[in-house]
2 protein chains.
Amino acid sequence: MKNIKVGLLGFGTIGTGVVKVIQQNCGILASRLGATIELARIADLDTTTDRGVELSPGVLTDDAQGLLNDPGIQVVVELIGGYEPARTFVLQAIRNGKHVVTANKALLAKHGDEIFAAAEVAGVDVMFEAAVGGGIPIISAIKENLGANNFYAFYGILNGTCNYILTEMDEEGKDFSDVLDEAQKKGYAEADPTFDVEGVDTAHKLALLLSLCFGTKVDYDQIYTEGISNITALDIEYARDFGYKLKLLAIGKRDGDKIEARVHPTMIPEDYPLAAINGVFNTVRLVGDFSGPVMLSGYGAGMNATASAVMGDVLAVARDLQTDCGSRMPALGCPQSELLPLSIKPMEQIVTHYYLRFNVKDQPGVLAKIAGVLGEHEISIESMVQPHRHEAEAVPIVFMTHAAEERNVNAALAEINKMDVIRDETLLIRVEDHLE
Amino acid sequence: MKNIKVGLLGFGTIGTGVVKVIQQNCGILASRLGATIELARIADLDTTTDRGVELSPGVLTDDAQGLLNDPGIQVVVELIGGYEPARTFVLQAIRNGKHVVTANKALLAKHGDEIFAAAEVAGVDVMFEAAVGGGIPIISAIKENLGANNFYAFYGILNGTCNYILTEMDEEGKDFSDVLDEAQKKGYAEADPTFDVEGVDTAHKLALLLSLCFGTKVDYDQIYTEGISNITALDIEYARDFGYKLKLLAIGKRDGDKIEARVHPTMIPEDYPLAAINGVFNTVRLVGDFSGPVMLSGYGAGMNATASAVMGDVLAVARDLQTDCGSRMPALGCPQSELLPLSIKPMEQIVTHYYLRFNVKDQPGVLAKIAGVLGEHEISIESMVQPHRHEAEAVPIVFMTHAAEERNVNAALAEINKMDVIRDETLLIRVEDHLE
């Protein structure tokens, strides 16, 4: 039986999970593959902490170069995270003719072009199923099974921390900061949660899905990214009153030679299956011209689910190694030369529905003034609530609009926010009323 | 650019869909693949009906042998359906060294062993993503992305006709036969619906999923198969009262060297994402030891979604052809020699929860008698309703049980059904209270 040697860069949580899969399911792996997978080396600066897994002597090392230059190692699994030294190591592995498996979305969102091009030159695989949606096989679905489709659009819940926070806010009526505190205590949110709650992590994943679905290079910096920290329990309650759930969505749409690429809190109809994905689960709804809508859900993070995805990639690479076929498929599913020069549509040109919450002085005529300005900017109102009329200085008025151009909404809000009846900044939440 | 010649056996609805994908998305296919896909021949006994697609002269023929023996054709797509001549043609294609793509679940459920073994000998691929769950990439997910997992269990809604009927019964309160009539008029059900509504189609798909998930040969005839034709709108209403939805599920579970393999109407908690899959949609919830639960949903049938899955397989085979790697992966994800000798657990040994609807004479003491017999057979009652106490001769009493062994339930029902207070046969519906 053939033996395939794997080297692991980074021995943190996910790395430990990978070791566990290889050890616990070695029989299954060998019988499916007809070959054994040997964890030949693990490189990490910390070689002393007990990770709760047993390793053969000599496997764990702090010498990444030794691993990268070991001619016996055919597959390098990069689980260091971040930009450097991950980028340098991955490029080095590629140049040394090794296939690469990584879970590093930040690295690929920013340096994917360079890495994918290098892999194509070297004729090696770069696989990254674990980088988007944890254990959900979304990347492979786009590249392979649904690969005969022209994709119209996709919608993703891609950050478990945000989805957990929004679910708790919804179910318990608590405010953002309280739920965040709890999530940090439970280990569902980092000590510095910015990366998650401000949508950065979701945007990294969106960049990868855009490249895969639409076959294009994406300038990550041009992705519109808005997090959930401004959302209040009140907005979630109003959303419910209107028949919507609030989710942080990654949205990708194709429109001719332009694409929509945006991450923001989004209201979606409560009877959509996407709206039922709660807690730390992730999901992607993908719409192809022949497949129609396909939805995949599962754990979006965590040691075990991520290790499952990493090992799925290792299996795929191992099959390529067994048949000596070199790189069977480009990293993005099509060669770099075939990538289309699509550009990201400016947010001003987006057309969608809007939830607008104004905080106004409680006095007669305010509603008419606001509605008047909206009308002047070609924004028509679908429904309105003025929920709690009480003695407070400022009261909320909430409008749901019909489809409108964001340019017009911005212009209207700029005008309205200047009115002396407006007490605080107006909150705008986009509404996807009809998911293709 | 390399050209890959495909031959199509069967030019019905799905065949027409495949032609449409190849024609409409030829640019996408070529850019993803770096090769062109040529539909070289289509064999069908009917060469005259207009399918609404244009073909080059000479492509459509009634000569299947000519196609199977054409040395230029590298991939044969079988879309005839049924056992013969599909079986003979597929085996012949394999012996002629051609890769095979098929959507034929009946054929593979019954003759899979023979076909997969022949493919292994010949060193060709047999791909069948379209055979289970239409456009949903479930087979590939099991074989590849989730392939490093030890699967505990899976639950599938795999027949769109049944799910449409149950959804309509639920939402409109209509009875089975009325909804079936409508479904037939709308084209969602066949003129002879037995195959769908009695669970046969679902059982075919279950057989394939069992083989893939648990790496075992499955004796299709031993799969317990019960359809939805005995379900009434009343049962669906009671299910709702207890907090459940009723679905026709394909259930596969691993228990040591035994597997559970059963198709039957099943009540599941209404807040499970599976319960929200309505209408003609299909879904599979798959539970791996590392991945945790993963759910995939989409159109389970229809020309376009099925053609999407067929073409995903053609793409995969085409990639193998481009790298000259022969058969990259056995049809079931592991070689025939590695399949485990697991046996199907007899239904008598199943342990689950039960919904039992008794039709009894409306007289005092009946409830106590029934409860007494259930107790004697170690069946404990979780809840009970005696919904409509009126003047009718027979009234329903509904029990929900705690977990019980099916052997005991059968023994208790045999005894209860003999009582003179029982008017009609008791209805038993299994309840999956906790999907792993």
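**Reading strands, helices and a chain contact**

Tutor: Let's start with one pair of residues: across from A:H353 you'll find A:V431, in strand 18 of chain A. Keep in mind that this is a predicted model.

Student: How many bridges join strand 14 of chain A to strand 18 of chain A?

Tutor: First, the general idea: strands of a sheet pair through backbone hydrogen bonds, and the pairing can be parallel or antiparallel. Here, strand 14 (residues 351-361) of chain A is linked to strand 18 (residues 422-431) of chain A by seven bridges, and the two run antiparallel.

Student: Over how many bridges do strand 14 of chain A and strand 16 of chain A pair?

Tutor: Seven bridges, in the antiparallel sense, with strand 16 covering residues 394-401 of chain A. To find your place, look for A:L356, which stands opposite A:F399 in strand 16 of chain A. Strand 14 of chain A is also joined by two bridges to strand 17 (residues 404-405) of chain A, again antiparallel. There the pair to look for is A:V351 opposite A:E405.

Student: Let's hop over to chain B. In what order do the six strands of the open sheet stand?

Tutor: Going across, the order in chain B is 3-2-1-4-5-6, and the pairing is parallel. Strand 3 (60-61) and strand 6 (126-127) of chain B are at the edges with a single partner strand each, so each has one side without a neighbour in the sheet.

Student: Over how many bridges do strand 1 of chain B and strand 2 of chain B pair?

Tutor: Eight, in the parallel sense. One of the places to check is B:K5, whose bridge partner in strand 2 of chain B is B:E38. Strand 1 (residues 2-9) of chain B also pairs with strand 4 (residues 75-78) of chain B, in the parallel sense over four bridges. On that side, B:V6 faces B:V75, and B:L9 has B:E78 as its bridge partner.

Student: Which strands does helix 12 of chain B lie across?

Tutor: Helix 12 (residues 303-322) of chain B lies across strand 1, strand 2 (35-43), strand 4, strand 5 (99-102) and strand 6 of chain B. Against strand 5 of chain B, the helix runs at about 170 degrees.

Student: Now two helices. At what angle do helix 4 of chain A and helix 5 of chain A pack?

Tutor: For helix 4 (residues 86-95) and helix 5 (residues 105-122) of chain A, that's about 15 degrees and 9 Å. Angles under 35 degrees count as roughly parallel, which means helix 4 of chain A is roughly parallel to helix 5 of chain A. Their crossing is right-handed. On the helix 4 side of chain A, the contact includes A:V90, A:L91 and A:I94, while helix 5 of chain A brings residues including A:L107, A:I115 and A:A118. By class, the residues of this contact are nine nonpolar, one polar and two charged.

Student: And at what angle do helix 7 of chain A and helix 8 of chain A pack?

Tutor: About 125 degrees, with the axes 9 Å apart; helix 7 spans residues 160-172 and helix 8 spans residues 176-186 of chain A. That angle makes helix 7 of chain A oblique to helix 8 of chain A. Here, too, the crossing is right-handed. Where they touch, A:T161, A:Y164, A:I165, A:E168 and A:M169 of helix 7 meet A:F176, A:V179, A:L180 and A:A183 of helix 8 in chain A. The classes come to seven nonpolar, one polar and one charged.

Student: Next, the two chains together. How many residues does the contact take from chain B and from chain A?

Tutor: It takes 54 residues from each: 54 from chain B and 54 from chain A. On the side of chain B that touches chain A, helix 12 of chain B gives the most, with 10 residues. That side of chain B divides into 27 nonpolar, 21 polar and six charged residues. There's strand pairing between the chains as well: strand 12 (residues 292-299) of chain A and strand 12 of chain B pair in the antiparallel sense over five bridges. Look for A:S297 opposite B:M295.

Student: Last one: what is the mean pLDDT of chain A?

Tutor: As a general rule, where pLDDT is low, the predicted coordinates should not be read in detail. Chain A has a mean of 94, and 99% of its residues reach 70 or more. For the complex, the predictor gives an ipTM of 0.95 and a pTM of 0.95.

Note on methods:
Residues are numbered from 1 along each chain as its sequence is written. Chains are lettered from A and ligands numbered from 1 in the order in which they are written. This is a predicted model: local features need pLDDT of at least 70, side-chain atom pairs count only at pLDDT 80 or more; totals for chains, interfaces and linings use all residues. Two strands pair if DSSP finds at least two bridges between them. Two residues are in contact if their C-beta atoms, placed from the backbone, lie within 7 Å. Axes are lines fitted to C-alpha atoms, for helices over the stretch in contact, and angles run from 0 to 180 degrees between N-to-C directions. Angles under 35 degrees count as roughly parallel, over 145 as roughly antiparallel, 65 to 115 as roughly perpendicular and the rest as oblique. A crossing is left-handed if the near helix is turned anticlockwise from the far one by less than a right angle, and right-handed if clockwise. Ala, Val, Leu, Ile, Met, Phe, Trp, Tyr, Cys and Pro count as nonpolar, Asp, Glu, Lys and Arg as charged, and the others, Gly among them, as polar. pLDDT is the predictor's confidence in each residue, from 0 to 100.
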